[in-house]
Every structure is written in structure tokens, then in C-alpha cells.
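Let's take a look at a protein model together.

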Amino acid sequence: MAEYKKPKTEAEFENNFKQKNPLMNDTEAYYEASRCLFCYDAPCIKACPTSIDIPLFIKQIHTDNITGASKTIFDSNWLGNACGIVCPTGVLCEGACVYNHQDVPPIKIGRLQNYATNKTIDAAKIIFKAGESNGNKIAIIGAGPAGIACACEARTLGYEVDIFEAKEKPSGLTVYGIAPYKITNEEVLKEVAYLQNQLGFNIKYKTAINSKQELKSLEDEYDAIFIGVGLGKTRNLKIEGEDKEHVIGAVEFVEELRMKHHKLAVPKKVVVLGGGNTAMDAASEAARMGAKKTVLAYRNSKEKMGAYGFEYDLAISAGVDSLFNVTPIAITGNGKVEGVRFAKTAMVDGQLKTNMNNTFTVKCDMVIKATGQAKQGHLYSLIDNLEIDIKTRIKTNDKFQTSNPMYFAGGDAINGGAEVVNAAYDGKMAAQGIHNWLNK
Amino acid sequence: MIDLSVNFGGIKAPNPFWLASAPPTNSGYQIMKAFEAGWGGAVWKTLGVPVVNVSSRYGSVNYRNTKMMGFSNIELITDRTLADNLREMEEVKKHFPDHAVIASLMVESRAEWEQIIKDVENAGADGIELNFGCPHGMCERGMGSAVGQEPEVLKTIVGWVKEAANIPVITKLTPNISDIVPPGLAALQGGTDSISLINTIKSIVGIDLDTYAPYPIVDGKGTNGGYCGPAVKPIAMNMLKDLAQHPEIGKIPLSGIGGIETWRDVVEFILLGATSVQVCTAVMHYGFGIVREMEAGLRQFMEEKNYNTIYDFAGKALPNVTEWKHLNLEHKVVAEINADKCVGCELCYISCDDGAHQAISLSDDPLNRIPSIIEENCVGCNLCSLVCPVEDCITMVKKDDGTEHNTWNERSLNDNIPTTFNDDRAGGKGHFVPQPTDALKK
């Protein structure tokens with residue numbers, strides 16, 4: 001059931017992609033902040049990957065010390081504003097709020113966090129400054145959340161920082177890969193600009209690092225290098241017909257949508273393959289772009305989906321239909337996609353089995369593959385002695401240092417794909433790791 | 001059959017819910033509207049030589065999400081002419097002959113008192129309330145709290161009024177004194193028929209952090225205001241108790257004022273000896289309609305307790321309010337945490353450890369956030385149960401068998417109290433206290 005009409009203007013696009021976590025107003029923030037119990041050894045802090053002192057910043061909001069609240073937030077998490085909006089708070093801080101045990105709605109921590117930092121960013125309050133120069137230089141590959149966090153932390157420690165970014169904008173997936181109803185480009189970019197203005201790190205855009213020679217020159221010129229490259233393109237499914245027109249990877253689809261908004265053409269019938277959060281996003285986005293029918297197809301049962309329950313609910317509420325226990329065996333069509341041929345699957349003795357005797361076709365004009373992204377294995381292979389695991393994730397020690405001592409890494413490159421908040425934590429800690437290593 | 005009507009020292013009203021002399025009783029319009037809404041009486045905004053007021057006039061203390069937990073005003077007595085007020089008073093009495101209309105008065109000379117008393121009696125007032133309480137502006141001119149703070153002056157003026165008046169007289173007292181009994185006694189000796197208390201408390205409710213001026217700000221400056229609202233209720237109830245327990249003052253009717261907003265407040269004031277209550281801030285916050293909640297709650301309470309009139313339970317708490325020295329030192333309660341209800345905020349732990357007696361411990365298992373009471377350390381102070389955000393999660397459980405009774409007074413008489421600095425009879429002797437350096441291990 002289509003809930004959304006095809007957006008023809010930017011205004012219609014914004015309406016279809018209404019912010020899931022809108023900015024709080026002063027009154028809402030005041031009343032919400034007043035509810036915080038100020039728990040001892042608060043569970044929300046423990047549930048936050050960056051250990052923000054949440055009860056403290058909430059009390060600061062309540063006492064109208066917004067700048068102080070922002071300082072508390074940024075002190076732990078350089079992407080405090082973006083994380084306030086895009087973090088899956090229901091499974092992190094808000095999920096840990098003790099109010100949940102009383103069947104009372106938890107404090108809206110994410111939105112309060114966004115409220116404080118947004119105000120401080122808009123007021124251009126200077127709350128940080130770069131540390132006194134220590135003469136050392138750090139190169140960062142990738143201006144995503146991990147890279148930005150690493151840059152900020154390194155600047156406070158007195159390092160010169162240059163970030164090398166393949167794309168035209170900073171923030172990585174926060175700008176290019178997160179569903180538009182979760183955060184706007186404007187919101188993401190202004191936070192980076194705010195941090196950059198205060199801390200003064202350089203970002204060299206459209207400067208991908210992907211040759212041995214480029215790496216060599218970084219190694220010569222810098223004292224340490226941080227790899228914050230994230231993941232690569234959508235992996236191939238290796239099924240028949242995958243090369244047909246209008247078969248697109250979810251990451252590529254979202255990126256195009258984030259850049260083109262209403263100008264992106266989405267056809268009438270869309271099939272989304274996958275059961276993770278990216279699949280939910282892609283399906284929801286196709287539906288909000290006015291697809292008449294959007295079908296989410298996952299090879300296992302609903303319970304086995306990797307996506308958070310709330311992400312699935314969000315897709316369903318956007319009018320997405322779902323198919324479970326089906327696996328694509330071919331993409332049909334003559335040049336362009338015309339349908340996906342599925343086979344039914346079932347759990348047999350704890351293993352998922354495909355029943356090739358039970359197949360059917362779902363007609364569609366577009367297939368979005370949300371079945372995982374490839375890793376940046378090529379880049380990693382160019383770095384001497386860089387150890388990676390069997391899933392092509394860079395191995396690091398607890399200081400985020402790789403097996404090649406001058407390289408540090410964090411974010412999706414080491415965890416295989418997680419939240420913005422995890423990347424922000426890794427980047428910050430990696431900068432401290434670099435600092436400790438260089439000052440040994 | 002519940003009958004809420006009162007006869008308060010000769011002033012009759014259909015119920016004990018009265019409006020205090022304040023902005024809500026500034027005009028006949030407001031008072032008629034209030035009577036329509038269910039109020040049984042109203043003390044007219046203080047009459048006298050009209051004043052000139054400032055702008056703005058009110059300030060408040062907000063606490064967490066509660067606005068106007070405390071309220072302050074720097075408004076003076078009526079700024080309307082006496083003639084206008086009297087004309088409206090007459091009209092109100094015409095429409096509401098059975099409701100109590102009481103004229104609050106504040107003037108200086110004996111001649112003025114005699115004149116204004118005659119005027120309000122002619123207008124049909126059912127009683128007079130003497131404003132000896134206003135703590136701002138009027139006191140600078142020798143009236144209001146300047147009178148209430150000088151028992152001799154107070155007694156003299158009450159005497160003048162009683163001599164001139166044919167209707168009952170209420171004396172309203174100021175709390176801006178160290179002991180409420182002397183002014184109460186002076187009012188009694190002056191011949192007052194009843195007493196009302198408290199008037200507002202001298203206060204500064206806040207300072208603007210940009211202009212450094214106190215609220216409410218009048219062109220960059222401010223002055224002390226009169227504090228009222230829910231925040232002052234405990235102070236008012238204590239003063240009410242002092243008068244109600246007094247062997248002589250306790251015999252005349254007392255009207256309770258100070259932070260009354262709900263039926264519970266009303267019942268508590270009555271239990272401490274009030275037989276009418278006066279309300280201002282709650283009306284200024286919510287309007288006259290709040291009386292519905294008060295009346296419904298009071299009726300419900302009376303029905304459940306089988307009371308027919310408020311006189312059936314007025315003063316019932318007074319025998320239980322005693323001096324500290326008469327409290328039973330052998331009584332022992334300890335806190336008990338209901339693990340099923342506990343949400344794991346650990347406020348009880350930290351409040352006890354930092355603010356009380358180190359009698360609550362945390363589990364060694366980081367996944368178990370339910371604290372435990374260390375019974376031998378618990379002094380039964382109650383703090384944990386007060387900070388606990390969950391209803392009935394922490395309760396205080398009686399541990400003594402009720403057979404022993406010993407008070408400070410009794411121990412003093414038996415010469416069994418600590419008398420020297422290192423006396424072994426110190427109450428905390430043997431009670432667990434962590435070593436000072438244990439603090440550094442946390």
C-alpha cells in the first residue's frame with residue numbers, strides 16, 4: 001500500500017521525508033529535562049558507546065546552561081549533534097533509562113542532546129581550541145565520523161591534521177548513507193563546519209588515497225596515519241541477471257537520493273533485498289519516493305532479521321510489504337529489470353535450506369540490493385604488514401593501532417559496519433592512541 | 001449528611017474555602033465570579049487610602065517542571081477608591097447574602113479606623129480583617145507588618161477597632177517575626193474575635209543574571225517581596241500549630257493561610273486547628289475553578305472518615321505534634337527495598353552514602369542495580385524512601401516490639417543523657433562509620 005505520493009518539489013520531498021527526530025523547542029526541552037532522575041552511576045552513560053555524562057548535560061539544559069551541556073556532550077563525542085539525531089537511542093541510552101522499568105517513557109536523551117548542541121552550533125559558540133602545536137602531523141584517510149572525530153581530538157592535542165577525502169563533502173555515511181528522514185545534509189555539515197572553525201583541521205576533498213605511491217608520500221610526510229575509510233560498494237549477489245539496468249546497491253541508492261532528493265527517479269515497483277537496517281532504510285525511502293509498491297524480501301524469518309524492530313516498523317508504516325524466507329535466484333528482464341525470481345527457504349536442522357522446487361517471480365522495475373557492502377580490501381593490501389581478519393576488517397589493538405605501527409584505524413574499517421557513534425568513539429580514542437605512541 | 005458550613009467567630013459562610021485578601025479579591029466582579037464557582041467567602045483586597053502600584057509586581061520560584069512553586073509580590077493594598085470598593089461590596093452582598101464578605105483594612109490613625117469601619121459595615125461587610133502583615137511598601141509607612149511586629153502597637157489598634165466595630169474582627173498576622181505567640185497573644189488581649197495567618201514572608205525570589213536586579217524588576221531595580229505559594233505551606237502550618245496549641249489563643253477561631261492549593265492542604269490545615277482556609281496563589285495560578293477539587297476532596301475525606309462537619313476533625317493532629325524531647329527514643333524503623341519495584345536508579349544508595357549514614361550497598365554484579373539495605377547501619381532516617389522515584393518501593397519497617405518507651409525528657413529526669421563531650425552514652429556510639437580514607441577507594 002503506497003502511503004506517499006511521488007515528490008515533485010523539494011517541499012514535497014521534505015514532507016515525505018519528515019524528520020523522525022525533529023528539533024525540540026525550548027519548552028519541550030525544559031519539561032523533558034526536568035524528568036531526568038539524575039541516577040547514580042547512570043545506566044544511560046554505560047549504554048552510550050562514547051560514555052557521555054548524560055545526566056549532567058540534561059541537568060545543564062534544565063538550568064539553561066546550554067553551552068555547558070554542549071561542552072559535556074562534545075567532550076565525549078565530537079559528533080554529538082549528529083549522534084543525538086541518528087543514534088539508535090532506543091537500544092542505547094534511552095533503552096537503558098530506568099524509567100523503562102516503570103513503564104514510563106524514557107527520557108528523550110537523543111533529542112535533548114541535539115537540542116543543546118544544535119543551539120550551540122547555531123550560536124557559533126567557541127568552546128574548544130586547538131592545543132599548542134607539538135610539531136607533529138597526522139594524516140587521516142576519510143572524512144567520515146571516525147576521521148572527523150580523530151581530527152578534532154588530535155587538534156586539541158596539538159597535532160597538525162590533514163584529512164584526505166575521496167568525495168566532495170565531509171561526514172561520510174552521515175551525509176551520503178543515512179536515510180534522509182533521520183538527518184538532513186544541512187544538519188550534518190554545519191556540525192563539521194562548526195568543529196573545523198574552532199579546531200582548524202584541513203580537509204582535502206576529491207582526494208582519494210588508493211595507490212601505493214600516495215600512501216608512501218603520506219608515510220614520508222606525516223608522523224602517523226589514521227584509516228577511517230568505512231566500507232565500499234555493495235557486494236555482488238552472484239546471481240543471474242544482476243547486471244540488468246535498475247539493479248542498484250542500497251548504499252549507492254541512498255547516496256544518490258541524499259544528493260538528488262526529489263530529482264531522483266524511482267519507478268513504480270521496487271524490490272529490496274536484505275534484512276538489515278540498510279534494507280529497511282532503502283525500502284522506506286523507495287516508498288517515500290512514491291513507489292506504488294515496495295517489497296522487502298529477506299531470506300530468513302522475520303525474527304532473524306538484523307534490523308532493529310523500530311526500523312522494520314518504520315518501513316512498514318511507510319507502506320512497505322515484506323516477504324520472509326525467500327532467496328533471490330535470478331533477476332529477470334530484457335535489458336531492464338522486470339522481476340525477481342525467488343525460491344522459498346526453510347530452516348532444516350538449524351540450517352537455512354533453499355527449496356528450488358518452490359519458486360515464484362515478483363514483478364518489479366527496480367531491485368535494490370541491501371545485502372552488504374564490500375570492504376576496502378584493495379587499499380589495505382597496499383599497506384605494508386597491515387593485518388586484516390577473515391571478514392576483511394583491519395585488526396587493531398585496544399589503542400586502535402594496527403599491526404603497522406604508524407597506522408591507526410577505526411570505525412567501519414575495523415568493525416565491518418556499525419553506528420556513527422561507534423566511529424566517533426574510535427576516532428577520538430585513536431587520536432589518543434597516536435598521542436601516546438608518539439610520546440612513548 | 002455532610003455540612004461544610006462554618007461559623008467563624010461570628011462570620012457565617014457556606015463552606016470554609018475563602019479567598020485571601022489579595023489580587024483575586026480586587027473587585028466585586030472577581031468576588032462574584034468566585035462565589036459562583038463555589039467559594040464560601042472572600043476577604044476583600046485591603047481597603048485604605050488608595051496607593052499607586054509599580055509594574056511589574058510578581059516574581060516566582062519554579063522548581064524542575066513546576067511553575068510558581070513559590071510566588072512573590074510587591075503589590076500594595078487597593079489602588080481603587082474606597083467609594084468604588086464599597087459600592088461593589090454592597091452589590092456583592094445583595095447577590096450573595098449568605099456568603100462571607102470580609103473587609104480587609106489598613107489605615108493609620110484612630111479616626112481613620114473608626115471611619116472606615118463604619119463605611120464597610122454600612123456596605124454590608126460580614127466581618128473585618130486587620131492587615132498587620134504586609135511586608136513590603138506599607139510597612140515602610142508604619143502600617144502592615146510594622147504593626148504585626150510590635151505586639152503593643154498591635155494590641156492598641158485591635159482595641160480601637162473592637163471598640164468601634166459591630167461586626168466580628170479577624171486579626172491577620174505576619175510571619176516575619178521569630179515567635180508567632182507574642183503577636184497572637186497581643187491580638188487576643190486587644191479583643192480580637194479570631195486570627196488569620198500567615199501573611200507573606202519577606203523574600204527575594206531571584207536575581208537576573210544580566211542586569212543583577214532582583215525579580216520582579218522595576219526599571220532596573222527591585223525590592224523585597226512577600227513570599228507565598230506552595231513553598232510556604234510548611235512554615236504556615238508550623239505557626240498555625242503554635243497558636244492552636246496555645247492554651248488561650250487556641251480557644252479562638254483560626255483561619256489558615258499559606259500555600260493552600262488542594263483538598264489535602266485544606267485537610268491538613270484543619271487537622272492543625274484551622275476552621276477556615278484562605279487561598280490566593282493557587283487562584284492566581286489556576287483560577288477560581290480549583291475550588292471544585294478542594295471541595296470534592298474534602299467531602300470524600302469526610303465521607304470516608306465519617307465526619308459530618310469540619311469541626312468533627314478540626315485540630316485532631318494537634319495532640320500528635322509534640323516537642324522533640326517527648327519523642328520515643330526506643331522506636332526503631334529501618335528501610336526496606338522492594339526489589340520487584342526497584343528500577344535501579346541508585347539514588348537511595350548515593351543519597352545514603354553521601355548524605356546520610358552509609359547504610360545502603362550496591363551489588364558486586366554490575367548487571368544487578370538493585371541496592372541492599374545494611375540493616376545494622378540503617379538509622380531509619382527516611383532519606384532513601386524520600387528520594388526513591390517509585391511509589392512504595394522503599395518503605396520504613398518497624399523493628400522495635402513497641403514495649404519500650406524512653407524519651408529525652410525521661411532520660412534527663414533519670415540522669416541518663418550524655419553530658420560531656422566524650423560521653424559513652426552518645427547516640428552514635430558503636431554505630432558503623434567508614435574510615436575517612438575509604439572515601440578515596442571509591
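What follows is a short tour of chain B.

## The whole chain

First, keep in mind that this is a predicted model. Chain B has 442 residues, and 43% of them count as buried. If you trace its C-alpha atoms along the principal axes, the chain spans about 75 × 55 × 50 Å.

As for secondary structure, you'll find 13 helices and 18 strands in chain B. Now think about contacts between residues at least 6 apart in the sequence of chain B: 71% of these join residues at least 24 apart.

## Two domains

Chain B splits into domain 1, covering 6–320, and domain 2, covering 324–441. Going by C-alpha atoms, the centres of these two domains of chain B are 41 Å apart.

## A pair of helices

Now zoom in on helix α5 (residues 151–164) and helix α6 (residues 181–190) of chain B, whose axes come within 8 Å of each other and cross at roughly 30°. Angles under 35 degrees count as roughly parallel, so α5(B) and α6(B) are roughly parallel to each other. The crossing of α5(B) past α6(B) is right-handed.

Which residues meet here? On the α5(B) side they include Pro151(B), Leu154(B), Val158(B) and Lys162(B). The α6(B) side brings in, among others, Pro182(B), Pro183(B), Ala186(B) and Gln189(B). Sort the residues of this contact between α5(B) and α6(B) by type and you get seven nonpolar, three polar and three charged.

Notes:
Residues are numbered from 1 along each chain as its sequence is written. Chains are lettered from A and ligands numbered from 1 in the order in which they are written. This is a predicted model: local features need pLDDT of at least 70, side-chain atom pairs count only at pLDDT 80 or more; totals for chains, interfaces and linings use all residues. Domain bounds come from an automatic or database domain assignment. Axes are lines fitted to C-alpha atoms, for helices over the stretch in contact, and angles run from 0 to 180 degrees between N-to-C directions. Helices (H or I, at least four residues) and strands (E, at least two) are DSSP runs, numbered from the N terminus. Angles under 35 degrees count as roughly parallel, over 145 as roughly antiparallel, 65 to 115 as roughly perpendicular and the rest as oblique. A crossing is left-handed if the near helix is turned anticlockwise from the far one by less than a right angle, and right-handed if clockwise. Two residues are in contact if their C-beta atoms, placed from the backbone, lie within 7 Å. Ala, Val, Leu, Ile, Met, Phe, Trp, Tyr, Cys and Pro count as nonpolar, Asp, Glu, Lys and Arg as charged, and the others, Gly among them, as polar. A residue is buried if 20 or more other C-beta atoms lie within 10 Å of its own, exposed if 12 or fewer, and partly exposed in between; C-beta atoms are placed from the backbone.
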